[in-house]
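Please look at the sequence and the model shown here, and then read the briefing that follows it.

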Protein chains: 2
Amino acid sequence: MRRVKILSTGKYLPKKQVTAQELESRLGLPPGWVEKKSGVLVRHFVDGETASEMGAFAAKDALVTAGLSINEIDCIICTSGIPEQAIPCTAALIQKHLGAGDSGIPAFDINSTCLSFLTGLDMVSYLIAAGRYSRVLLVASEIAMGLDWNDKESCTLFGDGAAAAIVAKTEETDTSRILASNLETYSKGAHLTECQGGGNKHHPQEYASHPETFLFRMDGRGVYRLASERLPGFFAGLLQASGLRMADLQLVIPHQASLMAMRLLRKQLDIPEEKLMVIAHNHGNTIAASVPMALHEAIAQGKLQRGDRCMLLGTSAGFSVGGIVLEY
Amino acid sequence: MRRVKILSTGKYLPKKQVTAQELESRLGLPPGWVEKKSGVLVRHFVDGETASEMGAFAAKDALVTAGLSINEIDCIICTSGIPEQAIPCTAALIQKHLGAGDSGIPAFDINSTCLSFLTGLDMVSYLIAAGRYSRVLLVASEIAMGLDWNDKESCTLFGDGAAAAIVAKTEETDTSRILASNLETYSKGAHLTECQGGGNKHHPQEYASHPETFLFRMDGRGVYRLASERLPGFFAGLLQASGLRMADLQLVIPHQASLMAMRLLRKQLDIPEEKLMVIAHNHGNTIAASVPMALHEAIAQGKLQRGDRCMLLGTSAGFSVGGIVLEY
């Protein structure tokens, strides 16, 4: 248990919306196909925005809500799944867009693909509890660049955008806290979901002859099998560690992998439909920004209120399963 | 102060050595130029090895030295500056090469470019001190892929390789500990050292028309100016926080940016020559693997012994300054 509190959250969506209908006509699919298969009716795509710009917009939103200025933040962690540049880390670029280029605020990235926000929040909660940092800004900002437009199952799922959260030590009079957290990685599934390019394994000069190396690809069945094998035990163990039962949770906020993945998760884990936070239908899967965006929406829509307990939960490429139970 | 101990370290260098003479003939430089300018007499380049393979070799070296099996590790953090693939994180790929694909050991990446190992060690020390993890494997593994072979100042500096460290809670009878640590980021220097490609800002299809976007570039003078502005105060503050004076330190283990950068650092900070650990002459600058490699060599060469105090110190793209004072 760490006496750590989410002070505020923020969100940024690119202005450019892309509807299911537009994708159907672009991909030559029959009307209704995208809604039926991916469930994503509308997602947003960047139109010139960089990831660090979007991240800074989401961060400003969170700062305004918390009534804080960037100078009252003493650590910036970018928890995106994909960096903006190979060098430097994205957190430094976000710091720059926040006008804090001469501040010295430590800035670095934490990456566990779609679970990066959970891993960042989990890790930094120990540093906050120990007094190392007072107020930490977590930012996840994603641009789904490596989509394979020939793979209609995956390319109709993703969206761009950013989310942010400000985390601090809980005041004495308050009950906000992290009750339990866990992360498990099963790398036998490391190549089930991957984009082989973009790092030091494949030089960008290979793109001309092997563009497919730089595309996102996913073995949906393999991921489903591994998730089915690991999620139920992980979920039960995390609940037990938190000392709560499902009935004590106001909300489960899952990674918005896809509407179908969340439906399966809900059934496997026996989560009541009204307790599962879903934003994929009008955001798409925004990679690591997905969980903090859904958290932001849960708060904005009044579905998660102070004193409520919730679980952040998801799977990611790796293959990893991660979760945090917290009292908001 | 965290009662955390570096149990062991490990290193891996690719078999392929490239000498200053070979580079001089490749680049059409007069004999002696590379030695005089970069001071790197020999560096190692991968010859088929991937970053995660090298990382796993270094990790095995550290495991053997500690007398541990991978199953006794409960967290794997990759602290490379550059990932192997865009998806998933490199730590998962390392876990797989260690034969632990079904272990569930949490695996994720932490990135602050050349300071990634320091940031990872710093952060995870709080989780170890709090009892979240018992034995953590930190791995940094680098392949200097985006070198600009037209920029003879930078392309003669870098080398490939990996290093690892296993970190655990200190036993009651032991005095090993982290005395102080700090990280500061000044993103006004974010674009002084960068590789713009490789993330979601530039699609790999841009390589064909703009290969320079995917190359590492550095404004050496700008970095020198910013480092001169920030390093002395940072160094003094970190020493003060540790409660030690320079005379109490057995060794300063700097990021091996270049021989010249380390010479300037030694003069600016008034570090006696025999107290500065240097491995750049036969390793090159191995990006984030540089500090843990130099730590490994310091231990292997008997320059750092149990009970000795040392400082890990460096600057990185970002622009960041980071350091850790520890009793080994």
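The copies meet through the same surface, because 100% of the interface residues of chain B are also interface residues in chain A. This is a predicted model, in which local features need pLDDT of at least 70 and side-chain atom pairs count only at pLDDT 80 or more, while totals for chains, interfaces and linings use all residues. Residues are numbered from 1 along each chain as its sequence is written, chains are lettered from A and ligands numbered from 1 in the order in which they are written, and side-chain values use heavy atoms, with hydrogens and water left out.

**The interface between the chains**

- In the interface, 72 residues of chain B are in contact with 72 residues of chain A, where contact means heavy atoms within 4.5 Å.
- The area buried between chain B and chain A is about 6000 Å², and carbon and sulfur atoms give 62% of it; buried area is the accessible area (1.4 Å probe) that two parts lose on being put together, summed over both.
- Between chain B and chain A there are 41 residue pairs in polar contact, both residues being at pLDDT 80 or more; a polar contact is a pair of N or O atoms within 3.5 Å, and within protein one must be able to donate a hydrogen and the other to accept it, while residues adjacent in sequence count only if both atoms are side-chain atoms.
- The elements that give two or more residues to the side of chain B that touches chain A are α4 (90-97), β5 (107-111), α5 (116-129), β8 (177-185), β9 (193-194) and α7 (220-242) of chain B, where helices (H or I, at least four residues) and strands (E, at least two) are DSSP runs, numbered from the N terminus.
- α5(B) gives the most to this side of chain B, with six residues.

**Strand pairing and symmetry**

- Strand β5 (residues 107-111) of chain A pairs with β5(B) in the antiparallel sense over three bridges, and two strands count as paired if DSSP finds at least two bridges between them.
- Within β5(B), I110(B) is the bridge partner of I110(A).
- Chain B is superposed on chain A by a rotation of 180° with 0.0 Å of shift along its axis (RMSD 0.0 Å), and the two copies are thus related as by a two-fold rotation axis; the superposition is by least squares on the C-alpha atoms of residues with pLDDT of at least 70 in both.

**Salt bridges**

- The count over all chains comes to 28 salt bridges, a salt bridge being a side-chain nitrogen of Lys or Arg within 4 Å of a carboxyl oxygen of Asp or Glu.
- Six salt bridges are counted between chain B and chain A, and K188(B) forms a salt bridge with D102(A), with the closest N and O atoms 3.0 Å apart.
- E171(A) and K5(A) also meet in a salt bridge (3.8 Å, N to O), and this pair links distant parts of the chain, 166 residues apart, with E171(A) in the loop between β7 (161-169) and β8 (177-185) of chain A and K5(A) in strand β1 (residues 4-12) of chain A.

**Backbone details in chain B**

- The peptide bond from I87(B) to P88(B) is cis, with omega near -5°, and P88(B) is placed in the loop between β4 (75-78) and α4 of chain B.
- T113(B) has a positive phi of about 55° although it is not a glycine, and T113(B) lies in the loop between β5 and α5 of chain B.
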